[in-house]
Amino acid sequence: MKSDRVIPSVKRRGVLSYFLRIWVPLVITSLIAFLLYFMEGTSYERQLIHGEQVQQVQLSLSSLQRDISGVLRELRYLAASDTLKRFIISGKEEDRKAAENTMAQFARHMERYDQVRWLDLAGRERLRVDLRNEGVRIVPQEELQDKSSRYYFTDAIVHSPGEIY
């Protein structure tokens, strides 16, 4: 009778051994294949996302360069204004009015600047135009301010005439 009990135990071990030899390698191979497939898909998705991000950065850079080019053209236009140059040289009241009107028209048409100002070599505002919701306002002389300690003046004044800061 002991031999009857030994045979099922041996058979169970044989089945378990068969299962482990056949199915475990298949399961491990399937898991490795799935993992490789998943990693390849993730890598491809990363490449797509990276490509899209590079394209977005290039588009943003191009847009920024166009904006900066436009600002530089507008600055050169204003700096080349005969009425502004005439006031800078003469200091006469009628030339001031003409320069203020030029700056007011500039601010009104450009609509991107809250203020347009001309600072003299000492950093004092000589002309200023404010663009508000109500429209363009030419700032009276008594309201003009000293900007000599502002970073934009101290950084810009060290440059040569004609350079853009």
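This is a predicted model: local features need pLDDT of at least 70, side-chain atom pairs count only at pLDDT 80 or more; totals for chains, interfaces and linings use all residues.

User: In which sense do strands β1 and β2 pair?

Analyst: Helices (H or I, at least four residues) and strands (E, at least two) are DSSP runs, numbered from the N terminus. Two strands pair if DSSP finds at least two bridges between them. β1 covers residues 115-119 and β2 covers residues 125-132. Five bridges link them, and the sense is antiparallel.

User: Which residue in the turn between β1 and β2 has a positive phi?

Analyst: The two strands form a hairpin with five residues between them. Leu119 stands opposite Glu125 in β2. In the turn, a positive phi of about 90 degrees belongs to Gly123.

User: Which residue in β3 is the bridge partner of Val129?

Analyst: β3 spans residues 135-138 and runs antiparallel to β2, with four bridges. A hairpin through two residues joins β2 to β3. Arg132 has Gly135 as its bridge partner in β3. For Val129, the partner is Ile138.

User: How many of the eight residues of β2 are buried?

Analyst: Buried means under 20% relative accessible area, exposed over 50%, and partly exposed in between (1.4 Å probe, protein chains only). β2 is mostly covered. The number of its residues that are buried is six.

User: Why does Arg128 count as buried?

Analyst: Arg128 is found in strand β2. It counts as buried because its relative accessible area is 8%.

User: With which residue does the side chain of Arg128 make a polar contact of 2.9 Å?

Analyst: A polar contact is a pair of N or O atoms within 3.5 Å; within protein, one must be able to donate a hydrogen and the other to accept it, and residues adjacent in sequence count only if both atoms are side-chain atoms. Contact in general means heavy atoms within 4.5 Å. Leaving aside neighbours within four places in sequence, Arg128 is in contact with residues including Gln115, Arg137 and Glu143. The 2.9 Å polar contact joins the side chain of Arg128 to that of Glu125.

User: What volume does the largest pocket have?

Analyst: On a 1 Å grid over the protein atoms alone, a pocket is an open set of points where a 1.4 Å probe fits, with protein on both sides within 12 Å along at least five of seven lines; lining residues have an atom within 4 Å of a point. Grid points are joined across faces, edges and corners, and a volume is the space filled by probe spheres set on the points. For the largest pocket it is about 1,600 Å³.

User: Which element gives the most to the lining of the largest pocket?

Analyst: The lining has 33 residues, and among the closest to the pocket centre are Leu75, Arg117 and Trp118. Elements that each supply at least two lining residues include α2 (82-90), α3 (93-110) and α4 (151-156). The most, eight residues, comes from α1.

User: Is Asp95 buried or exposed?

Analyst: Asp95 lies in helix α3. Leaving aside neighbours within four places in sequence, it is in contact with Thr83, Arg86, Phe87 and Ser90. Its relative accessible area is 11%, so Asp95 is buried.

User: What is the relative accessible area of Glu111?

Analyst: Glu111 is found in the loop between α3 and β1. Its phi is near 55 degrees, a positive value in a residue other than glycine. Glu111 is exposed, because its relative accessible area is 64%.

User: How far apart in space are Met110 and Glu74, C-alpha to C-alpha?

Analyst: Met110 is found in helix α3. It is partly exposed, with a relative accessible area of 32%. Met110 and Glu74 are 36 residues apart in sequence, and their C-alpha distance is 8.5 Å.

Key:
Residues are numbered from 1 along each chain as its sequence is written. Side-chain values use heavy atoms; hydrogens and water are left out.
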